[in-house]
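Subject: Structure handover

Hello,

Here is the structure I promised to pass on. My notes on it follow below.

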Amino acid sequence: MTKIFETPLYPYTRQADQNAAQPVRRKVVIIGAGPVGLAAAIDLAQQGIEAIIVDENDKVSFGSRAICFAKRPLEILDRLGCGEPMVDKGVVWNLGKVFFDERQVYEFNLLPEEGHRRPAFINLQQYYFEEYLVNRARELQQQGAPIEIRGGNKLIKIDDKGDHVDLTIDTPEGPYQLEADWVIACDGASSPTRQMMGLDFVGRIFEDNFLIADVIMDAPFPTERWFWFDPPFNKGQSALLHKQPDGVWRIDLQLGWDINKEEEKKPENVIPRLKAMLGDDVNFELEWVSIYTFQCRRMENFRHGRVLFAGDSAHQVSPFGARGANSGLQDTDNLCWKLKLVMDGKAPESLLDSYDDERVYGADENILNSSRSTDFITPKSDMSRLLRDAVLDLSEHYEFARPLVNSGRLSVPCTYDQSELNSEDKLDGPTRSRPGSPCADAPLGEGFLLDQLGDQFTLLTINADAPNELDVDGIKIKRLALSSADDTSNAIKERYLGNAQQAVYLIRPDQHVAARHDTFDQTYFTNALRRAIGKSV
Amino acid sequence: MSERLNLKPNIANADDFYAELLAAHEGLSKEDSDALNARLLLILANHIGDRDILAAALKAAKI
Ligand SMILES: Cc1cc2nc3c(=O)[nH]c(=O)nc-3n(C[C@H](O)[C@H](O)[C@H](O)COP(=O)(O)OP(=O)(O)OC[C@H]3O[C@@H](n4cnc5c(N)ncnc54)[C@H](O)[C@@H]3O)c2cc1C
């Protein structure tokens, strides 16, 4: 059987741009068709902005990399029109078990809060994730949306001219020139765009190697996340077992620093390790094996003139916590509406600097969390190992020690507390919905609240009066009028009202709260909108 | 330093406590003793809970 990651999905074909006498000017050129580049293109094209993706390759991610996708990215994918196939195919899990040495020390349940359309997490191979994004891009293309994926197109030169960007793209038939109003660089951790522009990428390398194996097996392991510290089959190291669709299991074995990578990767060395872990009687087949070293680092700035960096090109984290692709999707979610307003001439170009502020903040939070997990999993000194082992021993007996066990703090969206786009909080409401925070989902009628938000600014009113349509400086704000009668589950009261009887929220196109007040105060909300699009008020 | 971190004598029958601490380590290997200390530290820290006091204690210990 040919695997999806071996099949060319967007093979090279010659484009009219390659025959043009003068370089053709495009609106947005996206470098890289990984999860982040695809999400950016879909987001823009869905709003009518021309988005051309160039990728040197013509296939989805080789083998499986990311497997855990968190609720917030799934909500973003719903807005992009492709959350459903992901969740249908994905494996939903809530239970995790932690083992230390030969015994299970405790288990936990993610206990997802009720009343959200999407689960806390799904496991899905990255190649499916990308395939469904490609399908969505094709669907949009068929509907006439201005989106294109050009496989076999490699960026080899980039030059920001101030009012546009010059690009040289190499193809199997030779190079051609292209101009772009804006460029989004989603070309991964080793980003050639970043290197060609001579930009830094600093941080910390963790001196450790992990063997990642995806195995196909018919085994009675339950749909749970199992994490081992110092197991008998991998002494002194850690291990992870996680279920993916199609009977594929992700196995992650820590190997340490001084190893021979080529040797360790050979099936004759991998198979005995896996047998020691899974038991001799389990039959399995290796789908994919590789060895990884992890780094936690980011660019100093994600915006450089007309070139915007998103996803792994801008920041890299260790996989513990599943914050890579998950945070990359939050980058494009943050960026695309801003870029659209700037391109439409409705917001000052400086709005794009808030992308830098907000997502650098997000990246730092992710790097902090994933570095701490890595430090727990791989103690760097005798004392840190002693303390780590003490935590694990105590966790078996006492509840207090369990929150200290860190096998990855799973990805949650960040609240842009310090953002200049936020207005002063004028509601005695729940802190979880303060300005800067991502909107929490809630049941609404037959569906959910988040389905009613997104792409545009929304004025959410709960038991409060307000005009049905607002126009501030040419930007339309649609109203979503709710009352307690709509809130049969009480979730809206709990998540948006708190102690207040009524509330008015200004919600950004990326479903983050910009401002809130207990009544519709025209001046407050007019200023709040201006502030949220980067104007000085 | 936090005003609230008590660095004055606070343990009744201090000699008894100290003897109890030594007794807990009696007969243990160096490795097991170290592990016991680490567990004890974590249990006490959790009991205190207050982050300011814990931070002040970490500072106070670095004499
Ligand atoms: C073992 C492992 C496990 C992981 N687990 C998780 C997880 O559970 N959850 C999670 O969220 N994340 C996880 N990640 C991280 C996740 O895989 C990455 O964050 C994600 O792939 C980043 O997407 P991207 O689009 O930014 O970059 P990439 O996926 O790296 O895509 C970059 C694209 O750019 C193209 N490109 C490169 N150079 C050029 C050029 N010069 N011209 C044109 N195109 C170019 C490449 O062909 C590629 O298609 C994991 C990573 C690893 C290694």
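The buried residues of α2(A) pack against α1 (35-46), β3 (68-70), α3 (83-89), β7 (121-123), α4 (126-142) and α8 (324-343) of chain A. Contact here means heavy atoms within 4.5 Å. Helices (H or I, at least four residues) and strands (E, at least two) are DSSP runs, numbered from the N terminus. Buried means under 20% relative accessible area, exposed over 50%, and partly exposed in between (1.4 Å probe, protein chains only).

This is a predicted model: local features need pLDDT of at least 70, side-chain atom pairs count only at pLDDT 80 or more, and totals for chains, interfaces and linings use all residues. Residues are numbered from 1 along each chain as its sequence is written, chains are lettered from A and ligands numbered from 1 in the order in which they are written, and side-chain values use heavy atoms, with hydrogens and water left out.

Back to α2 of chain A, residues 71-79. Eight of its nine residues are buried. Among them are A:Leu74, A:Ile76 and A:Leu77, but also the charged A:Arg72, A:Glu75, A:Asp78 and A:Arg79. A:Gly81 follows the helix, with a positive phi near 80 degrees.

Next, the aromatic rings. Rings of Phe, Tyr and Trp (its six-membered ring) pair if their centres lie within 6.5 Å; planes under 30 degrees apart count as stacked, over 60 as edge-to-face and the rest as tilted. The whole structure holds 22 aromatic pairs over all chains. A:Phe227 and A:Phe229 have ring centres 4.9 Å apart and planes at 50 degrees, so this pair is tilted. Both residues are buried. A:Tyr524 and A:Phe525 have centres 4.9 Å apart and planes at 90 degrees, so they are edge-to-face. A:Tyr524 counts as buried at 12% relative accessibility, and A:Phe525 does at 3%. Ring pairs also link A:Phe99, A:Phe221, A:Trp226, A:Trp228, A:Phe233 and A:Trp249 into a cluster.

Two arginines deserve a look. The charged end of A:Arg194 sits over the ring of A:Phe201, 3.7 Å from its centre. A:Arg306 lies over the face of A:Trp182, 4.3 Å from the ring centre. The test is NZ of Lys or CZ of Arg within 6 Å of the ring centre and within 35 degrees of the ring normal.

Last, chain B. B:Phe17 is in helix α1 (residues 14-25) of that chain. At 38% relative accessibility, B:Phe17 counts as partly exposed.

Best wishes
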